[in-house]
Amino acid sequence: MQSQIESGIELLARLNKRPSLRGLEDILFFEGPRSTDIIEISGEQSSGKTLLLSQLLAKCILPNYREIRGCNASAVLINTEHHFQISKLIRLMRNIINAANTVSFTTDTVDMEFDETAVIKNSLRNLLVIDCYNSEQFALTLRMLDDIFVKHTKIALLAIDSITAHYWQNCQDNFITVDAYVKNLLQLVRTHTAQFNVATIYTKLYKSINNKELTDDINYRIRLCKTCNTCTLKTTQTVKKIYYSILSNGIKWKMDEKEIPVKEENN
Amino acid sequence: MTKLSTAINSKLSSTMIEKLERQKICTVVQFIDEDSENLIKFTGLLLKDILEIKQNIFKQFGGVIKNTFELLEIEQNNIVPTNLSSLDNLLEGGLYYGQIYEICGISSSGKTQLCFAIATNIALSANNIVRYIDTKRDFCGSRIEQILLKKNCSKQVIDEVMDRIKVCCVYSIHQLFKVLYWLIDSLKEEDVGCRTRIVIIDSLPGVIFKSSKDKKITITLNHLANVCHYIAKEYYLSIVTVNLIAEWSSAIQEGPCTCSKKNCNARPTLGKYWLHIPNTRLLLEKIGVENRKLSIWNSFQLEANLACTLTISDCGILFP
């Protein structure tokens, strides 16, 4: 909010300081996501949107320590849906650490187990949560982001679960379509994140009526479908279909993925 | 939307607000969105003051930043066991704060009985208050007394437990909102040693009728969800709602069959919007006269389709 005077060098330093999100989820993001990407996760209820988001947050806040390969970045979650739960996040983090442990050849397991809780607790300091209970609070919170990003230079990811939670409250005064509502909010998000090099992930419950309209703004569109167990990933270049299943310890990808060129999809 | 008022900051006078309104800056969001240079022109305040007012707006109406490291401790300290062992196992220890649990089932599947059992068990602890919002006018004090008598509780204990279950009848959705807002005020006054741990709303379809895609009802449900989440999160308690099931197929008449098959045809009432609002939805099904099956229908926190059986008798709910 405050107008600041800073030299170009200071500016560069500030912009470059944020950790990279490379390796956040190699199956979904090829060498990414990049620092200003916008990622959409959509799907019906209980298709695993919040779970996937939590899984990405877990990877984001974990350290790059031994085989864990977290991003060691901070994140801020705007919680409008209130489905996110810390105990679940911890389970996902534990799962990532355990998977890393089986890969590495360390023998001193006692030492690792002692570390695990400490590593998780320390990583939790990387995650800020802002609960929003109405559309005005949500609107103001989005406008507060500048201050938050300036204050917390380690934040590399903004998560919104979900962007459509207050859609109906907004409809009370004037009716707009879900697509237009989301588009307006994304524009607002973009103005607050782009200059700070912060990537955005948001979940969305509703299906877009017009799929083409938003493609320019959104770098990755992830659509989860529970009945067919497929995750459709659209970028500007490709469309990928990946099978997934929801297990107690998170989303598991099945690797026999099919890659379809973008042209075939637009029939 | 909150209008600008002098309560936001003493420097913002009512004449300034009038001037701003003439420029079509009426709400706090509009004030934030307006360029500070313009605001200086409209109000005659200094830049320093404008920025201060903007910060005040964020503080009063914006979201509160919390650290998950601290939230973890709050979560761990606010798990309320129902002391119904199978249910607690199902819920991984009990009811978590900030969560909305929904008990679904057809009529006379034992939803209210389960609520009574949960309410009684939680109120047995001297530190816990239970708020019971009854929309069907069928809260039954003598039933609670009966359950407690079977537990061999003394007269004094029974009186105390009954005293800690605060019942409130509502007959319309407006009254439900009134009660919830009143509850927010009284929760603020509560003593840390003895406070509300659970709010039971039995049942939602009692005051909300939803069959069509009526937008008005969706907006009402959106509002209800927001209020419930606010109460549950900010006052460290959990909310249990009761809901009915619609769209049963012929499969049910053919007697007990596999749960997953039936689930395809069954849906909670209150429409599509409400489907994703409760954090955990439990399904209560009749098996014979006395036996019931309780399963996790869907949940973010818990694994779906885990189940346990229970019986309903004059002792209340029993888990064999």
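Trainee: At what angle do helix 5 of chain A and helix 4 of chain B pack?
Mentor: About 130 degrees, and the axes of helix 5 (residues 135–151) of chain A and helix 4 (residues 47–61) of chain B are 9 Å apart. That makes helix 5 of chain A oblique to helix 4 of chain B. For the wording, angles under 35 degrees count as roughly parallel, over 145 as roughly antiparallel, 65 to 115 as roughly perpendicular and the rest as oblique. Axes are lines fitted to C-alpha atoms, for helices over the stretch in contact, with angles from 0 to 180 degrees between N-to-C directions. Helices (H or I, at least four residues) and strands (E, at least two) are DSSP runs, numbered from the N terminus.

Trainee: And which residues make that contact?
Mentor: Helix 5 of chain A brings E136(A), Q137(A), L140(A) and M144(A), while helix 4 of chain B brings I57(B), F58(B) and F61(B). Contact here is C-beta atoms, placed from the backbone, within 7 Å. By class, this contact of helix 5 of chain A with helix 4 of chain B has five nonpolar, one polar and one charged residues. Ala, Val, Leu, Ile, Met, Phe, Trp, Tyr, Cys and Pro count as nonpolar, Asp, Glu, Lys and Arg as charged, and the others, Gly among them, as polar.

Trainee: Before I go on, what kind of model is this?
Mentor: A predicted one: local features need pLDDT of at least 70, side-chain atom pairs count only at pLDDT 80 or more, and totals for chains, interfaces and linings use all residues. Residues are numbered from 1 along each chain as its sequence is written, and chains are lettered from A and ligands numbered from 1 in the order in which they are written.

Trainee: OK, back to the interface. How many residues does each chain put in?
Mentor: Chain B gives 37 residues and chain A gives 38 residues. On the side of chain B that touches chain A, helix 11 (215–234) of chain B gives the most, with nine residues. That side divides into 16 nonpolar, 15 polar and six charged residues.

Trainee: In what sense do strand 3 of chain A and strand 1 of chain B pair?
Mentor: Antiparallel, over four bridges, between strand 3 (residues 127–131) of chain A and strand 1 of chain B. Pairing takes at least two DSSP bridges between the strands. V129(A) has K66(B) in strand 1 of chain B as its bridge partner.

Trainee: Changing topic: which residues are on the covered face of strand 7 of chain A?
Mentor: C231(A) and L233(A), with T230(A), T232(A) and K234(A) on the uncovered face of strand 7 (residues 230–234) of chain A. In a regular strand the side chains alternate between the two faces of the sheet.

Trainee: How many residues sit between strand 6 and strand 7 of chain A in their hairpin?
Mentor: Four, and N229(A) in that turn has a positive phi of about 55 degrees. Another hairpin, through three residues, joins strand 7 of chain A to strand 8 of chain A. In strand 8 of chain A, K240(A) is the bridge partner of L233(A).

Trainee: Last one: why does T238(A) count as partly exposed?
Mentor: Because T238(A) has 13 C-beta neighbours inside 10 Å. Buried needs 20 or more other C-beta atoms within 10 Å, exposed 12 or fewer, and partly exposed is in between, with C-beta atoms placed from the backbone.

How values were computed: Two residues are in contact if their C-beta atoms, placed from the backbone, lie within 7 Å.
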